[in-house]
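Thanks for coming. Please look at the sequence and the model while I talk; I will go through the disulfides, the cores and the aromatic rings.

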Amino acid sequence: MFKVGVVLALIGLALCSPPVVRTRKEIESFRNFLERTRTENGVRLPKQLLASSKASAWENSGKFEGDIVLDDWQVEAMIQNFAAGRNAYIWPNTKWPEDTIVYEFVEGEFDAAQREAIMNGIRDIEANSCVKFRERLPGEFNYVRLTGTTNGCYASVGYWFDRGPHTLNLGRNSPGVGCFVHGTIVHEILHVIGFFHMHSTHNRDDYVRIEWDNMWFGVEHNFDSYGPHITDNMGLPYEYTSIMHYGPYAFSMNGRPTIVALRSFEGEMGQQERVTDYDWLRLRRHYNCPGGWSKDSIVIESESENEKVIVVENAEQPYKFV
């Protein structure tokens with residue numbers, strides 16, 4: 001999981017018209033890829049899960065990187081950067097004003113148990129950060145619109161002042177199943193709060209190898225990574241078990257891994273059962289919560305030439321990487 005850069009460069013890019021280094025065919029292919037992620041294809045999530053049974057519900061939701069909803073201006077900015085030979089998100093500061101996410105349940109979308117599962121995700125975030133949530137007031141322009149369309153779990157990323165309704169969809173299901181796994185609910189809310197996926201960060205190639213030959217044709221851009229001027233790991237290590245990490249079989253066409261760890265770690269890559277201590281700490285640092293940047297928030301327990309164990313204050317267990 002990582003924070004998006006805070007410099008708004010979209011206007012500058014539009015005015016500068018960067019030189020084209022990609023071929024017309026490559027640019028059109030990229031545009032078509034992005035447009036497909038924004039089109040309702042009518043395929044319900046259960047069918048998508050059958051086609052790629054080793055991937056999670058959010059990875060199978062048919063959007064950009066699986067579950068990210070793009071605005072028109074984001075698509076155009078990404079195409080301009082691609083044409084100029086850059087992999088770059090061009091996003092503004094994505095923090096919600098006053099650290100408060102405004103939301104609204106669309107009437108009739110969820111039953112009582114589903115609403116409670118979503119509220120449990122919200123309460124979990126509030127209990128572990130300074131981020132707050134409140135229901136939309138009449139006439140408020142920017143808010144998260146909570147829907148339950150059964151084509152997947154997906155969301156807009158971060159706050160944008162001119163967006164109006166921000167998307168957060170959780171395909172209706174029983175609590176604990178599909179999009180209603182607790183970790184997946186928190187995953188989608190963290191997108192809305194302003195986070196992308198861990199595997200997209202600038203130093204990922206030091207930690208994972210992407211197996212391009214094992215993925216479906218046309219999904220390669222879901223595995224792009226972005227430079228340190230765009231992404232920020234908030235001073236924390238790359239984390240295989242982050243709630244925001246792809247699983248090892250994301251977009252696999254043959255049942256073989258598309259992401260292979262280059263270092264030893266404990267746990268399951270891309271697990272959705274629990275939000276890790278580092279996930280919470282990244283969130284607190286992104287929103288500058290009290291104590292988030294305290295020198296006591298991370299303690300180096302032991303260190304040697306080949307191994308380092310880092311302990312987060314009050315963590316359930318240390319995260320070990322070699």
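**Disulfides, cores and rings**

Cys 130 and Cys 289 are joined by a disulfide, with 2.1 Å from S to S. Please keep in mind that this is a predicted model. The link between Cys 130 and Cys 289 is left-handed, at -80 degrees about the S-S bond. Cys 130 sits in the loop between helix 5 and strand 4 (132–135), and Cys 289 in the loop between helix 7 and strand 12 (298–303), so the bond ties together parts 159 residues apart in sequence. Cys 130 and Cys 289 are both buried.

How many disulfides does the count come to? The count is 2. The other pair is Cys 153 with Cys 179, whose sulfur atoms are 2.2 Å apart. Its torsion about the S-S bond is about -80 degrees, so this disulfide is left-handed. Cys 153 belongs to strand 6 and Cys 179 to the loop between strand 7 and helix 6, so parts 26 residues apart in sequence are tied together. Cys 153 and Cys 179 are buried. Counting bonded cysteines along the chain, the pattern is 1-4, 2-3.

Next, the cores. The largest nonpolar core has 52 residues, and Ile 125, Phe 133, Ile 193 and Leu 283 touch the most other members. Several elements supply at least two residues each, among them strand 3 (100–105), helix 5 (112–127), helix 6 (182–193) and helix 7 (277–286). Which helix gives the largest share of this core? That is helix 6, with 6 residues. There is also a second, separate core of 15 residues, which includes Ile 27, Met 78, Ala 83 and Phe 196.

Now the rings. The whole structure holds 18 aromatic pairs. One of them is Trp 58 with Tyr 246, a tilted pair at 5.6 Å centre to centre and 40 degrees between the planes. This pair links distant parts of the chain, 188 residues apart: Trp 58 is in the loop between helix 3 (45–51) and strand 2 (68–69), and Tyr 246 is in the loop between strand 10 (231–232) and strand 11 (259–261). Both residues, Trp 58 and Tyr 246, are buried. Ring pairs also join Trp 58, Trp 212, Phe 223, Tyr 246 and Phe 251 into a cluster.

Last, charges over rings. Lys 63 has its charged end over the ring of Tyr 154, 4.6 Å from the ring's centre. Arg 263 lies over the face of Tyr 207, 4.2 Å from the ring centre.

Definitions and conventions:
Residues numbered from 1 in each chain as written. Predicted model: local features only at pLDDT ≥ 70, side-chain atom pairs only at ≥ 80, totals over all residues. Heavy atoms only, no water. Core = buried A, V, L, I, M, F, W, Y, C linked by side-chain atoms within 4.5 Å. Buried < 20%, exposed > 50% of the residue type's maximum accessible area, 1.4 Å probe, protein only. Helix = DSSP H or I, 4+ residues; strand = E, 2+ residues; numbered from the N terminus. Disulfide = S-S within 2.5 Å. Phe/Tyr/Trp six-rings, centres within 6.5 Å; stacked < 30°, edge-to-face > 60°. Lys NZ or Arg CZ within 6 Å of the ring centre and 35° of its normal.
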